[in-house]
Amino acid sequence: MLTMAQKRAPQYLAGKLLIAMPGMRDPRFAKSVVLMLDHDESRATGVVINKPAGFMQLGLDRPGEGEQPPETEQIPVHYGGPIDKKVAIIVHSSDRDDYESTLRVNDDLCVTSTPHILEDIWAGTGPQCRLFVLGYAGWGPGQLEGELQENSWLVGNGSLELVFKTSASDKWNAAIQALGINPSKLSTTGGIA
């Protein structure tokens with residue numbers, strides 16, 4: 001006989017947001033909002049979208065002898081997660097989804113890791129909205145599902161407004177409020193009824 005849990009189809013969370021509960025045990029994810037990039041029975045990957053890590057200089061041309069240095073632009077960079085912190089990923093709006101390495105995570109959001117997107121951004125022809133992250137978060141088989149059962153995460157929907165136009169310091173509260181929950185009412189401990 002199947003239990004209720006076995007009858008349910010697996011819920012794959014690609015394109016959704018994971019919102020850390022106040023009692024998150026892992027300090028790397030305290031008050032994190034994670035955009036899920038992919039999720040199936042064998043693994044889950046995502047990027048943290050609300051942890052600023054500094055800035056990078058964007059300027060592609062190097063000056064020749066006697067030339068002025070090129071203009072550069074300072075672009076905010078976010079901590080994407082504890083895995084492979086040197087991997088650069090650009091989360092962006094779906095108005096430019098034609099890059100070879102682009103992965104569409106939902107109707108509004110894509111991720112790309114090719115250097116060509118940087119050239120287009122510098123030239124003003126890249127996606128309208130973008131967020132640069134270094135590193136990513138990953139879970140092995142059943143690991144994320146276990147964390148969800150332990151009430152470590154809430155699951156929400158990502159929107160262009162939340163991902164790109166809400167300040168990093170406000171994203172956690174905004175993501176919870178988008179679920180109709182008052183963040184101050186959340187318990188730091190969870191349980192299963």
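Student: Which residues are buried in helix H2 (residues 115–123)?

Tutor: The model is predicted: local features need pLDDT of at least 70, side-chain atom pairs count only at pLDDT 80 or more, and totals for chains, interfaces and linings use all residues. Residues are numbered from 1 along each chain as its sequence is written, and side-chain values use heavy atoms, with hydrogens and water left out. Buried means under 20% relative accessible area, exposed over 50%, and partly exposed in between (1.4 Å probe, protein chains only). Helices (H or I, at least four residues) and strands (E, at least two) are DSSP runs, numbered from the N terminus. In H2, the buried residues are Ile117, Asp120 and Ile121.

Student: How are the buried residues of H2 arranged around its axis?

Tutor: An α-helix has 3.6 residues a turn, so residues three or four places apart point the same way. The buried residues of H2 fall within an arc of 100° when seen down the axis, so they line one face of the helix. The arc is taken from the directions from the helix axis to the C-beta atoms. Pro115 and Ala123, on the other side of H2, are exposed. Glycine 124 follows H2 and has a positive phi, near 85°.

Student: Which residues other than glycine have a positive phi?

Tutor: Most residues other than glycine have a negative phi. Here, lysine 31 has a positive phi near 55°, and aspartate 84 has one of about 50°. Lysine 31 is found in the loop between strand E1 (16–20) and strand E2 (33–39), whereas aspartate 84 lies in strand E6 (residues 83–93). Aspartate 84 counts as partly exposed, at 44% relative accessibility.

Student: How many salt bridges does a search of the whole structure find?

Tutor: Side chains of opposite charge can pair when their charged atoms come close. A salt bridge is a side-chain nitrogen of Lys or Arg within 4 Å of a carboxyl oxygen of Asp or Glu. The search finds 5 salt bridges. Among them is that of arginine 28 with aspartate 26, whose closest N and O atoms are 2.7 Å apart. Another joins arginine 43 to aspartate 38, at 2.6 Å between the closest N and O atoms.

Student: Is arginine 96 buried or exposed, and which side chain does it meet in a salt bridge?

Tutor: Arginine 96 counts as buried, at 18% relative accessibility. Its side chain meets that of aspartate 98 in a salt bridge (2.8 Å, N to O), and aspartate 98 is exposed, with a relative accessible area of 52%. Salt bridges that share partners join Arg96, Asp98 and Asp120 into one network.

Student: Which residues have the most contacts inside the largest nonpolar core?

Tutor: A nonpolar core is a set of buried Ala, Val, Leu, Ile, Met, Phe, Trp, Tyr and Cys residues joined through side-chain atoms within 4.5 Å. The largest has 37 residues, and Leu35, Trp139 and Trp153 have the most contacts inside it. E2 supplies the largest share of this core, 5 residues. A second, separate core of 7 residues includes Ile90, Tyr99, Ile117 and Ile121.

Student: What share of the chain is buried?

Tutor: Buried residues make up 39% of the chain's 193 residues. The secondary structure comes to 5 helices and 10 strands.
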